[in-house]
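Welcome, and please open the structure in your viewer.

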Amino acid sequence: VISILTILSFLAAPVFGLWLANSIAIVYFGHSGTKKEETIWTGFVILLFSSTVLLMVFFTFSEAISSLLFQTVHYSDLIKVVGLSTIFNGIINQPFVFRLQFEERSKLYVIITSLCTLTTLVLTILFVVVWENGVWGFMRATLRGSVVTFLCHFSAVVKWTRFYKDRWVATGL
């Protein structure tokens with residue numbers, strides 16, 4: 001069940017992430033100064049909209065998706081959790097991770113990534129092993145870890161990236 005849910009997230013992330021990774025890099029390095037910040041924030045705003053669509057699809061069709069993948073609606077609530085996890089760690093997190101990478105803040109990137117991975121691991125051990133929550137525990141830990149990861153990257157980048165959005169940048173993405 002966990003493997004199938006992971007594959008669902010793996011397939012949904014690039015589709016609802018609108019394959020912006022390459023576009024963000026091209027636009028980002030094609031500009032200087034505030035245009036770089038505009039690229040990050042404009043990408044984030046666009047990804048917020050696509051994430052809303054993902055949520056609508058996963059929440060509206062969770063029973064159908066569960067039936068398709070597992071031949072039962074029993075896992076429909078897990079489909080919703082996967083959707084949320086995918087949004088936080090696979091979609092809206094992208095521009096902030098890119099900002100750290102593009103500005104060569106490798107030490108900060110490694111620290112955040114390591115701490116968030118450790119946090120998710122500890123949560124998974126607690127939910128699955130200690131509290132014996134099985135698949136639900138794994139997915140709850142993954143969701144919480146995804147939110148923590150997003151918040152860490154967001155808070156690290158927002159300190160030195162002013163908010164700008166530009167419709168002209170959006171057309172380049």
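Start by selecting helix 5 and helix 8: the two are roughly parallel to each other, because their angle is under 35 degrees. Keep in mind as you look that this is a predicted model. The angle between this pair is about 20°, and the axes lie 8 Å apart.

Now show the side chains where helix 5 and helix 8 touch. On helix 5, pick D77, L78, V81, V82, L84, S85, F88 and N89. Their partners on helix 8 are V135, W136, M139, T142, L143, S146, V147, T149 and F150.

Which way does helix 7 run relative to helix 8, roughly parallel or antiparallel? The axes cross at roughly 160° and come within 8 Å, and the two helices are therefore roughly antiparallel. The crossing of helix 7 and helix 8 is right-handed.

To see where helix 7 and helix 8 meet, select residues on helix 7, including L108, Y109, I112, C116, L123 and F127. On the helix 8 side, the contact includes G137, F138, R140, A141, R144, V148 and H153. By class, this contact has 12 nonpolar, nine polar and two charged residues.

Go back to helix 5 and bring in helix 3, residues 34-60. The angle here is about 165°, with the axes 9 Å apart, which makes helix 3 roughly antiparallel to helix 5. The crossing of helix 3 with helix 5 is right-handed.

For this contact, highlight L47, S50, S51, L54, L55, F58 and F59 in helix 3. Facing them in helix 5 are I79, K80, V82, G83, L84, T86, I87 and I91. The class colours give 10 nonpolar, four polar and one charged residues for helix 3 with helix 5.

The last stop is an open space. Rolling a probe the size of a water molecule over the atoms shows where empty space is left. The largest pocket holds about 380 Å³ of space. To find its centre, select S9, S85, N89, T142 and S146, the closest to it of the 20 lining residues.

Which helices supply at least two residues each of the lining of the largest pocket? They are helix 1 (2-16), helix 5 (76-91), helix 7 (106-130) and helix 8 (134-158). Helix 8 gives the largest share, six residues. Finish by colouring the lining of the largest pocket by class: 13 residues are polar, seven are nonpolar and none is charged.

Terms used: Residues numbered from 1 in each chain as written. Predicted model: local features only at pLDDT ≥ 70, side-chain atom pairs only at ≥ 80, totals over all residues. Heavy atoms only, no water. 1 Å grid on protein atoms, 1.4 Å probe; cavity = no way out; pocket = protein on both sides within 12 Å on 5 of 7 lines; lining within 4 Å. Points joined across faces, edges and corners; volume = space filled by probe spheres on them. Helix = DSSP H or I, 4+ residues; strand = E, 2+ residues; numbered from the N terminus. Nonpolar A, V, L, I, M, F, W, Y, C, P; charged D, E, K, R; others polar. Axes fitted to C-alpha atoms, helices over the stretch in contact; angles between N-to-C directions. Parallel < 35°, antiparallel > 145°, perpendicular 65-115°, else oblique. Left-handed = near helix turned anticlockwise from the far one by under 90°. Contact = heavy atoms within 4.5 Å.
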